[in-house]
Amino acid sequence: MSLFTKFLGASTALALTAGAAMADPAVIFDLGGKFDKSFNEAAFTGAQRWAEETGGSFAETEITSDAQREQAIRRFAEDGYNPIVMAGFSWGTPLATVAADYPDIKFTIIDSVTDAPNVRSVVFNEHEGSYLVGMLAAMASEDGTVGFIGGMDIPLIRKFACGYAQGVLAVNPDATVIANMTGTTPAAWNDPVKGSELTLGQISQGADVIYAAAGGTGVGVLQTAADQGVYSIGVDSNQNYMQPGSVLTSMLKRVDNAVYDAFSAGTDVEVGLQVMGLDNDGVGYALDEYNEELITDEMKAAVEEATAQIASGELMVHDYMSDETCPALDF
Amino acid sequence: MDLLALFDIAVLDGTVRLAVPLLLACLAGLFSERAGVFDIGLEGKMLISAFFAAAVSFETGNVWIGLFAGIASSVVLSLLHGLASITFRGNQLISGVAINFFASGITVIAAQAWFGQGGRTPSLSGDARFDPIVFPGALTKIREIMKADWGMKVYSELLSGHTIIAYAAIFIVPLVWWVLYRTRFGLRLRAVGENPGAVDTAGISVQRMRYSAVIICGVLTGIAGAYLSTGIQAGFVREMTAGRGYIALAALIFAKWRPWYALGATLLFGYLQALAIRPDILERAIGIKVQTQVLDALPYVLTVIVLAGFVGKAIPPRAGGEAYVKER
């Protein structure tokens, strides 16, 4: 009997190691959906890039309601996927519950911090990237008035707004920054009509560069800015192509890199907090054939200098989420 | 305190743009509900029309064909609602909810399968969207308008520069009033919503009257949806109606199911939405900073006040919500 137990134990261990060695990674998208042209799509792009480069395969799922979060994580964990990457700040609470039940599986959460021994938390310094596009906005503005249009009014979006305002004021201390939020419900991420109206409202207050951090609502902002002949700034993914010549630049948030890194590290993914900022190409601004004529060498030089200063820690951009206040903007 | 600031031209201009889809959807609901068919599927019908209008406009390059495609898709959903609630005497609210869910899902799936751009259509340009109609001599860019004098502002911003649907919407209200109160069809339609038994006794088909009403409802929501995606926007984005169908329903109750009141209610709700865009103007006008959420909530608050009977009484059509069963 004892021999049998040992044999059984050995075979189980073998099976487990075999399973672990062959474990595929998995990625879970947030409610915005895999093809949101922005945040989730960036996560998908990163996973896809890993699959193409390594020839590996990965599992993915998209949830349709908040109630499915815990279930989705457990499902992948039970099936032995490792590591499991989830994109979106809303995963924080369910992951905190689930992580302890699967100590052998590594989890990666993007945009939120979960304190557990088997979780890597990736957060982005959106305020740094927004600071750079704020500088560009102030330099491109003729009248010294620029706008910001956020999606849902949550601390994360205020972080974008606050970094942006600091960048604007760094270039032009007399500049006016007009900030509006689209709404307080998730519908605010998909209301391009209101985005357009907000854009018109800001233009009539004198704004000539408008930064949209608003998901699908931003489509309306970019469109109206193009129709009215003012500049706009895209967010998360590179949106320069959407209205060529009118989109001044885009604030890039390299969610794809975060997913790619986690997938490449596989089961050896390093746990703990990982901050993606300007120093490790986590955030930045987009420069491509669509906006190369809009960004002058002078602007480029100023932004490069600020990038170096922020990366080296010489210049500190205030993070709204650190103390829920903003020195440059009154919400 | 500068109460005149409340009548800022930019806000009034925004009111017109935002009130048009509400007005069309509200009048659509008015037809349906006056005939005794409750319709909470206005939102879904606007959404599906917004999608098909944008998709077909993009494919054909002609916004008018897009408009008709939008109207057709909305009428199909209307007929589905009619089939469930008139022919099969199902619960009208449940059918309406089902239409909303169906439209919300199918538009994203169809857009993804069709264009592969993540549940949206490509941006429309040129003849594929309704261009603003610019009056002779009017300015088009807001930055130029802001520098012009008051008369020019009114002319360029408030009067000129809307799409043809917005101008047409002005004439729809008297037309609806005339149809409802001055034609035989309108009398029968209203009667069907109050006392279908009496209409049936007079030898008029209740089912036919109600089907006509839901088809008219589909046409109007179709125009409203097409206005969103091809008039004030240049393309479809998932869930782009963002609750406007529900606000239109609230406006319908606020207007006590009457066409001219509907114009007033939707203009008021549109104005509140436009004012919420410009918190700076409100602050200048009343001297204190008001959270925009208050303005966003006001349409619903006002509707509840009306429903509670504080401002007159809102009495829905008596036979509303009930399927008509012919006595044997």
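R89(B), which directly follows α3(B), adopts a positive phi of about 55°. Helices here are DSSP runs of H or I with at least four residues, and strands are E runs of at least two, numbered from the N terminus. The structure is a predicted model, in which local features need pLDDT of at least 70 and side-chain atom pairs count only at pLDDT 80 or more, while totals for chains, interfaces and linings use all residues. Residues are numbered from 1 along each chain as its sequence is written, and chains are lettered from A and ligands numbered from 1 in the order in which they are written.

**Chain B**

Helix α3(B) covers residues 63–87; its 25 residues should span 36 Å at 1.5 Å a residue, and its end C-alpha atoms, 34 Å apart, agree with this. The expected span is 1.5 Å times one less than the number of residues. Chain B as a whole contains 14 helices and 0 strands. Its radius of gyration is 20 Å, which agrees with the value near 20 Å for a compact globule of 328 residues; the radius is taken over C-alpha atoms, and the globule rule is 2.2 Å times the number of residues to the power 0.38. Along the principal axes, the C-alpha atoms of chain B fill a box of roughly 70 × 50 × 35 Å.

Of the 328 residues of chain B, 50% are buried. A residue is buried if 20 or more other C-beta atoms lie within 10 Å of its own, exposed if 12 or fewer, and partly exposed in between, with C-beta atoms placed from the backbone. Among the contacts in chain B with a separation of 6 or more, 77% join residues 24 or more positions apart. Two residues are in contact if their C-beta atoms, placed from the backbone, lie within 7 Å.

An unreviewed UniProt entry places the feature "transmembrane region" at several spans of chain B, including residues 64–86 and 213–237. Such annotations may be inferred rather than shown by experiment; the positions follow the numbering used here, and feature names are shortened. These two spans are set out below.

| Span of chain B | Distance between end C-alpha atoms | Helix and strand content |
|---|---|---|
| Residues 64–86 | 31 Å | 100% helix, 0% strand |
| Residues 213–237 | 29 Å | 80% helix, 0% strand |

**The contact between the chains**

Chain B contributes 28 residues to the contact and chain A contributes 27 residues. On the side of chain B that touches chain A, α1 (9–34), α5 (142–145), α10 (206–232), α12 (259–277) and α14 (292–307) each supply at least two residues. The most come from α1(B), with 3 residues. This side of chain B comprises 12 nonpolar, 9 polar and 7 charged residues. Ala, Val, Leu, Ile, Met, Phe, Trp, Tyr, Cys and Pro count as nonpolar, Asp, Glu, Lys and Arg as charged, and the others, Gly among them, as polar.

In chain A, S196(A) lies in helix α7 (residues 192–204). S196(A) counts as buried because it has 26 C-beta neighbours inside 10 Å. Beyond its neighbours within four places in sequence, S196(A) contacts G220(A), Q223(A), T224(A), I232(B) and Q233(B). The C-alpha atoms of S196(A) and Q223(A) are separated by 7.6 Å, although the two residues are 27 apart along the chain.

**Strand β5 of chain A**

In strand β5(A) (residues 119–124), 6 of 6 residues are buried. V119(A), S121(A) and V123(A) cover one face, and R120(A), V122(A) and F124(A) the other. Strands pair if DSSP finds at least two bridges between them. Strand β4(A) (residues 107–110) runs parallel to β5(A) and is joined to it by 4 bridges, with I109(A) opposite S121(A). Strand β11(A) (residues 272–276) also pairs with β5(A) in the parallel sense, over 5 bridges; there, G272(A) is the bridge partner of R120(A).
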